[in-house]
Amino acid sequence: MPTQLDKLINTVCARIIAAEPELTQLDSEIGDADHGVNMKRGFEAILVDSSSLAAQPLPDALKAAGMTLVMKVGGASGPLYGTLFMTLGKELPPEPSHDDVVRAFAAAIDAVKARGKSDFGAKTMLDVLGPVLAAISRPGATFDAVRAAAAASAEETIPMLATKGRASFLGERSIGHMDPGARSSQILITAVCDALEGTS
Amino acid sequence: MSNVGIVIVSHSADVAKGAADMVREMVGNEVPLAWCGGDPDGGLGTSVEKITAAIDAAWSEAGVALLVDLGGAETNSEMAIEFLSEERKGKVVVCNAPIIEGAVMAATEASGGSSLDEVRSVAEELSPR
């Protein structure tokens with residue numbers, strides 16, 4: 001009988017790995033076309049260790065997964081997603097309450113901002129993580145509401161002008177494309193919701 | 001060696017090696033020098049592991065200056081620095097400078113025995129303010 005953590009790890013990894021062609025396509029439009037391959041490499045490395053990760057307490061598993069992403073991804077998204085995971089691992093207790101999740105997620109977003117020297121509105125993963133935090137924070141938040149916030153906010157990066165990352169080199173030409181990091185964040189958040197809810 | 005070390009981090013191993021060749025031509029073996037490029041699978045990109053190894057290879061008690069190309073090279077370099085021991089962490093900087101010109105200028109400055117701060121500011125003079 002797989003544990004919840006086991007299911008969480010496997011669902012997230014499977015979704016990111018399966019999204020490789022889509023992320024590659026999005027990144028070829030406004031970046032250097034490596035986001036799909038990089039994320040796939042990182043999450044495949046997590047999958048290799050999934051049984052040992054799943055045997056650890058949640059904070060330790062998150063820290064270890066974050067470290068794997070830092071070491072294996074090979075692009076800026078490694079340190080960025082790695083920092084997200086490692087900060088969650090540092091901030092979450094082994095059996096987190098709703099309040100713990102809100103507080104830890106806020107801290108993780110701040111850490112990603114610092115790591116990327118960026119903020120909301122620059123057409124990045126932060127533009128999904130911010131609205132997701134807002135959705136999680138609402139009293140009585142549901143998995144549906146969180147998934148909807150992730151999907152809507154990823155769509156909302158399409159008309160945005162990129163001011164951070166490779167896409168910013170394109171200036172106005174970055175408008176009209178979904179940000180690949182926003183999309184991978186949406187996929188990740190949706191996978192977490194599905195695994196925790198049990199619909200994956 | 002007591003001169004500041006130089007590390008070149010590019011998405012492309014060819015670029016990093018080429019820049020290192022230009023540095024060597026300028027300063028010979030007077031400056032500890034290392035380079036790395038490519039993601040963990042050898043494609044275009046950067047790797048924290050390779051950057052860490054390059055910092056080790058160019059280590060000097062006077063410090064190490066990193067010259068990087070684009071976004072991920074900088075983010076991964078900052079990550080690699082954070083993973084260093086407390087003792088080493090404060091002696092490694094990422095220069096805000098063009099990678100090739102910055103590496104040659106920084107190494108030339110370092111070869112004269114300048115401090116890490118001096119090496120960094122000479123490289124950063126190349127960047128628009």
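At 30% relative accessibility, Pro98(B) counts as partly exposed, a class lying between buried (under 20% relative accessible area) and exposed (over 50%), as computed with a 1.4 Å probe on protein chains only. The model is predicted, so local features are reported only at pLDDT of at least 70 and side-chain atom pairs only at pLDDT 80 or more, whereas totals for chains, interfaces and linings use all residues. Residues are numbered from 1 along each chain as its sequence is written, chains are lettered from A and ligands numbered from 1 in the order in which they are written, and side-chain values use heavy atoms, with hydrogens and water left out.

Pro98(B) is situated in the loop between strand 4 (92-95) and helix 5 (99-111) of chain B; helices (H or I, at least four residues) and strands (E, at least two) are DSSP runs numbered from the N terminus. Leaving aside residues up to four places away in sequence, Pro98(B) touches Leu67(B), Ala103(B), Leu126(B) and Ser127(B), contact being defined as heavy atoms within 4.5 Å.

Strand 1 (residues 5-10) of chain B pairs with two other strands. Five bridges join strand 1 of chain B to strand 2 of chain B in a parallel arrangement, and strand 1 also pairs in the parallel sense with strand 3 (residues 64-68) of chain B over five bridges. Strands are taken to pair if DSSP finds at least two bridges between them. Individual positions illustrate both pairings: Val7(B) stands opposite Ala34(B) in strand 2, while the bridge partner of Gly5(B) in strand 3 is Val64(B). Strand 1, helix 1 (residues 13-27) and strand 2 of chain B together make a right-handed β-α-β unit; right-handed here denotes that, with the strands pointing away from the viewer, the path from the first strand over the helix to the second runs clockwise.

The contact between the chains takes 17 residues from chain B and 17 residues from chain A. Chain B and chain A bury about 1,400 Å² between them, 55% of it on carbon and sulfur atoms; buried area is the accessible area (1.4 Å probe) that two parts lose on being put together, summed over both. Thr75(B), Met79(B) and Phe83(B) supply 30% of the area that chain B buries against chain A, more than any other three residues. Five salt bridges are found across the interface of chain B and chain A, each requiring a side-chain nitrogen of Lys or Arg within 4 Å of a carboxyl oxygen of Asp or Glu. A salt bridge joins the side chains of Lys117(A) and Glu78(B), with an N to O distance of 2.5 Å.

Lys117(A) is found in the loop between helix 7 (98-116) and helix 8 (126-137) of chain A and is partly exposed, with a relative accessible area of 46%. The phi angle of Lys117(A) is near 45°, a positive value in a residue other than glycine. Ala33(A), in the loop between helix 2 (20-30) and helix 3 (35-48) of chain A, also has a positive phi, near 65°, and is partly exposed at 30% relative accessible area. A further loop residue, Ser168(A), lies between helix 9 (143-155) and helix 10 (180-197) of chain A and is partly exposed at 23% relative accessibility.

A search of the whole structure finds zero disulfides over all chains, a disulfide being a pair of cysteine sulfur atoms within 2.5 Å. The sulfur of Cys13(A) is 16 Å from the closest cysteine sulfur, in Cys193(A), too far for a bond. For Cys95(B), the closest cysteine sulfur, in Cys36(B), is 14 Å away, again too far for a bond. Cys13(A) is buried, with a relative accessible area of 2%, and Cys95(B) is buried with a relative accessible area of 2%.
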